[in-house]
Amino acid sequence: MPERPLLLFPTPQPADRTKQKPQFGRVHKPNVTRQGQRLSPMFNQLQEAFEARRVEIQQNTAGIDPEQVLVIEIIGSVDNFANAVKRIEGLEWMGELESDEIAPDQDFYDENNPEKELNGRLYLVMTNQRALDEMLSLWRRYQADPNMQFERGLTKFRDVFIHLKSIRRWDVQDRLLETGVIDIWHEDLEYDGDRVIPFEAELWFRGSDELRAVSANQVTNLVQQTGGRILNQSVIEGIAYHGLLAELPANAIRAIVENPTTELVKCENIMFFRPVGQMVVGDKSPEGDVEITQIEEMPLPTGDPVVALFDGVPLANHSFLAGRLIIDDPDSWEADYAASERVHGTSMASLIVHGDLNQPQPPLSRPIYVRPIMKPLNWLDTPRPEGIPENCLAVDLIHRAVKRLFEGEQREGPAAPQIKVINLSIGDRTRQFTQSMSPIARLLDWLSVKYGVLFVVSAGNHSTTISLGVSREEFEAFEADELEAATIKALYRDARHRKLLSPAETINGISVGALHHDTSTPFTSGRGTDPFSLPLPSPVSAFGSGYRRSIKPDLLFAGGRQYYKPSIGTGHVRLDTAIYISPPGNKVASPGSLAGELSATAYSCGTSNATALVSRAAGICYDSLQQIFSDQAAEVDASNYEVSLLKAMLVHGSSWGDIGSRISEVLRTPENGRQLSGLISRWIGYGLPAVDRVLDCTEQRATVLGFGQLSNGEAHVFNLPLPPSLGSRPEWRRLTITLAWLSPISASTQKYRTASLWFENKKNGLAPTRSDADWRAVRRGTVQHEVFEGRRAEPFVDGEFIEIKVNCREDAGKIQNPVAYGLVVSLEVAEDIDIPIYNEVRTRIAPSIQIRQSTS
């Protein structure tokens, strides 16, 4: 029990939400005549292509009414266009994507800044011939009379015609080239030119079971005609996902690679072809030897698990893990593992249970639940790398694993319904986040709301070469800070190739990047070069931002130091990753080098490690939260708010600190001042959290928890009492506010996030200056974390307070049920200042807490 536990806010006061002012840009758009000149050829091409495809299909398959997906690109947005699409028989809404970084041209440009890139939308609509004819009729009538009266429900088409930049078919390039599957197939054919190659066909999600069945049957027939077969099918309506796991012989894959215009690839029911088996760890064999580390005997855990690890099979009888894991292996994947191959699951379990073994800490007081979702792959490497097998759809596997936790399967009851946190230290290296949410990210967001669980996800590692862009002479003359600056600049130059790996773009989960830091003692020579002399984001850690430019990754955590080997040729110097199981790095439990060795440890680094350490922190915060409610509000049922509060607590201690200052110093130019905070947050999110700050308070720091649930248009007002001793004192002070929630999703809309919550900080003369992340970016996700500071003497009297208003509004769709949220607020002064912040806040909040308990 801490000496100064966190406090609870009294019940908030209900209020109406604050109305937000709409923001309108001044984008120049072409007039009707110019639109006709630009777009009429596109519409004509559509008609011709549709007719050609109709003839082609009817020559091969009788009785099929041809359909095609249209890509309608507009500048700006047109709200509720989906409703207008539904008014035309034969049109079916498939979804929409955000499109940014659109180059301005003579027709569309920002009138205030003609060089500024524009934002837009891609509307995806399935159409048959009749519906296309009706849409073209609307276009021609509008061309003839721009003031025409559109039929009821179709007026949005006029708005689309005004903003329309282009219209085309979804074609072969969209299905193949955007996913990188062609490159993977090239590698597969080079590796084994005679093998059967599996792949995922993600189908357009049709609006009824009947249409989905027709779609799947057509694709199945084409796969079979090409000599392949369907292995599995997954339909998850909550995320608008319909996928087929298929396989084709090598000769059929080779034919597609050489000439993609096959009947299968041209099939209009297929949205994407994707590679499978790309969630792999341990595909680069490390150098070095394991250590033997003795562990002090500690009490075994008790109670129900609240943290789950979805990973490889761990070495359960390792001395650091024995008696601390509950392994649930319904698919019997453990049988596929040799003890020496249980590397990743063992290291992740070790980090969650014990933390970094470089600094021994008490193990978690509860066991952790482990569900294997990876197994050794049939590669030639020794040990074999671990990954999700090729004969599984990853989205289906994870869906089944989570459902088993909370509902059970095959007449069994729930496996571990008390779970609050699920650790996913994996990522799809072929799916960097660009503009559309991956099926697995959509799945995590949907499941988090359905079951009230927090996913902690690794941002992803990029172990590719870093090209410094300097000569050998320049490199050899570098001081440590110059190498550091050159590496930071090189990483930012290559950031578009180092983006988040799916599913790190999840909006409801916590995405974790790695800090280039650990407390091991590296060997003095032969281990390569440390590019950073200060704690900074790891060079392997992926860059954001997230969906709709939200803050991603959410935070950094210590993921070990990554060393590099300089490659010095005749051209520019490159840094290649050096992979070792000896220091530096996070120290973890590991399979031994000898059979039966159960006390081995090794060193590793990356975002997987950082993610596991954050999940460990979540387990500690959960127990702290239970104690707070037990001691201060035993009659309050907080179960509906626990996950939102956990999420807010994990982020609350975050700040940019010296890390942000160093990156700013390196990147700042006279031209990029306004973009600098966005550049920094893309790599470090909200920064490095000090988790201890949400486990107890100090005499100079008070932390208060609030919670509630809101529907559209509602708000709650919390009042933080001002400590009288701070009145009129010109001392540095900081106010930190973190709001977190889990939003339902609307999977087929661009806005995606159904519930938008945000706080406003009113009556805050004490700490009026914002620091760290941009105030607009922090409102785009499901965590709003802001830091305010001040120093000026601010007079006030006892009884005054800072008002914090939490608002809720609908974003992508209707809010069907009230949305639970968690709020964490800290007020502090420097530790050497004799102002009793904690006691003065506590004595002014305690009477209100008693009132809440007696009336709840």
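Predicted model: local features only at pLDDT ≥ 70, side-chain atom pairs only at ≥ 80, totals over all residues.
Empty space inside the protein was examined first. Rolling a probe the size of a water molecule over the atoms shows where empty space is left. The model contains 3 cavities of 30 Å³ or more. The largest cavity has a volume of about 70 Å³. Its lining includes I507 and G509, together with S550, I551, K552 and D554. Y686 also lines the largest cavity, as do A777, G781, T782 and V783. By class, this lining comprises 5 nonpolar, 4 polar and 2 charged residues.

The bond runs from K552 to P553, with omega near -5°. P553 is located in the loop between β25 (510-515) and β26 (555-558). A cis peptide bond also joins P583 and P584, where omega is about 5°. P584 sits in the loop between β28 (574-577) and β29 (586-589). Most residues other than glycine have a negative phi, and most peptide bonds are trans. Q410 is not a glycine, yet its phi is positive, at about 50°. This residue belongs to the loop between α11 (394-406) and β20 (421-424).

Helix packing was considered next. Two packed helices are described by the angle between their axes and the distance between the axes. Helix α14 (residues 480-493) packs with helix α17 (residues 657-667) at an angle of about 80°. Their axes are 10 Å apart. Angles of 65 to 115 degrees count as roughly perpendicular, so α14 is roughly perpendicular to α17. On the α14 side, the contact is made by D481, E484, A485, I488, K489 and Y492. On the α17 side, R662, I663, V666 and L667 contribute. The contact has 6 nonpolar and 4 charged residues, with no polar ones.

Charge pairing was also examined. Side chains of opposite charge can pair when their charged atoms come close. The model holds 50 salt bridges. One of them links D105 with K165, and the closest N and O atoms of this pair are 2.8 Å apart. D105 lies in the loop between β5 (91-102) and β6 (109-110), whereas K165 lies in strand β8 (residues 164-169). The pair therefore ties together parts that are 60 residues apart in sequence.

Key: Residues numbered from 1 in each chain as written. Heavy atoms only, no water. 1 Å grid on protein atoms, 1.4 Å probe; cavity = no way out; pocket = protein on both sides within 12 Å on 5 of 7 lines; lining within 4 Å. Points joined across faces, edges and corners; volume = space filled by probe spheres on them. Nonpolar A, V, L, I, M, F, W, Y, C, P; charged D, E, K, R; others polar. Axes fitted to C-alpha atoms, helices over the stretch in contact; angles between N-to-C directions. Helix = DSSP H or I, 4+ residues; strand = E, 2+ residues; numbered from the N terminus. Parallel < 35°, antiparallel > 145°, perpendicular 65-115°, else oblique. Contact = heavy atoms within 4.5 Å. Salt bridge = Lys/Arg side-chain N within 4 Å of Asp/Glu carboxyl O.
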